[in-house]
Amino acid sequence: QYGVCSCNAYKCACSLGAIPTIPPISVNKNWLSAIEYLRIASRTGNTVELKEVNLSSLTNLRSLHIEERCFLFAKRFIVHDLRLLKSIRIDRYCCIANHALVPGSLFSIKDCSQLESVFIESGCFYSYSSMELKSE
């Protein structure tokens, strides 16, 4: 099975359940688990209401690429228990959150046993107060 998703801000944020104030797009949960390669287009998810990006429901994800200037206001970025994930690439100026340190903000990658590379360009997560990288 080969799943690819490249989506605009509204579709992506809603299908991942990231924007609770906008009526969600009806998405079959099996569709989410079928995604293996995810490229999130530049300037996606840039609404103040989007506080958290949690990609942990994409259980078959192998590769994640977030293009520049995405999720600017998100204060939490979570990737947990993705056992097939091999690479993460985040282009510049993603997940900025604020111009000052944000208490309670979190960048977390945990229990992704196949992860080989994480590449994060400049200007990402610079106001985050915590970073967690853990694998068991």
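Contact here means heavy atoms within 4.5 Å. That one cut-off will carry us through much of this tour.

## The model at a glance

This is a predicted model, in which local features need pLDDT of at least 70 and side-chain atom pairs count only at pLDDT 80 or more, while totals for chains, interfaces and linings use all residues. Residues are numbered from 1 along each chain as its sequence is written, and side-chain values use heavy atoms, with hydrogens and water left out.

The protein holds 2 helices and 9 strands, taken as DSSP runs numbered from the N terminus (H or I of at least four residues for helices, E of at least two for strands). Read from the N terminus, the order of elements is β-α-α-β-β-β-β-β-β-β-β. Of the contacts between residues at least 6 apart in sequence, 76% join residues at least 24 apart. Buried residues account for 39% of the 136 residues; buried means under 20% relative accessible area, exposed over 50%, and partly exposed in between (1.4 Å probe, protein chains only).

## Leu 64 and the nonpolar core

A nonpolar core is a set of buried Ala, Val, Leu, Ile, Met, Phe, Trp, Tyr and Cys residues joined through side-chain atoms within 4.5 Å. The largest one has 30 residues, and those touching the most other members are Leu 64, Ile 66, Phe 71, Phe 77 and Ile 90. At least two residues of this core come from each of strand E2 (37-40), strand E4 (63-66), E5, E6 and E7. E7 gives the most, with 3 residues.

Leu 64 is worth a click in your viewer. Beyond its neighbours within four places in sequence, Leu 64 is in contact with Leu 38, Ile 40, Leu 55, Phe 77, Leu 85, Ser 87, Ile 88 and Arg 89.

Two strands pair if DSSP finds at least two bridges between them. In this way 4 strands form an open sheet with parallel pairing, in the order E3-E5-E7-E9. Strand E3 (52-54) and E9 are at the edges with a single partner strand each, so one side of each lacks a neighbour in the sheet. On average, neighbouring strands of this sheet are turned by 15 degrees against each other, direction ignored; the axes behind this value are lines fitted to C-alpha atoms, for helices over the stretch in contact, with angles from 0 to 180 degrees between N-to-C directions.

E3 runs parallel to strand E5 (residues 76-80), and 3 bridges join them. Asn 54 has Ile 78 in E5 as its bridge partner.

## A cluster of rings

Rings of Phe, Tyr and Trp (its six-membered ring) pair if their centres lie within 6.5 Å; planes under 30 degrees apart count as stacked, over 60 as edge-to-face and the rest as tilted. This rule gives 4 aromatic pairs. Phe 107 and Phe 125 have ring centres 4.4 Å apart and planes at 55 degrees, so the pair is tilted. Phe 107 lies in strand E7 and Phe 125 in the loop between strand E8 (117-120) and strand E9 (128-134), 18 residues apart.

Phe 107 is buried at 3% relative accessible area, and Phe 125 is buried at 10%. Phe 125 also pairs with Tyr 128, with centres 5.1 Å apart and planes at 85 degrees, so this pair is edge-to-face. Ring pairs link Phe 77, Phe 107, Phe 125 and Tyr 128 into a cluster.

Asp 91 sits in the loop between strand E6 (87-90) and strand E7 (102-110), and is buried with a relative accessible area of 11%.
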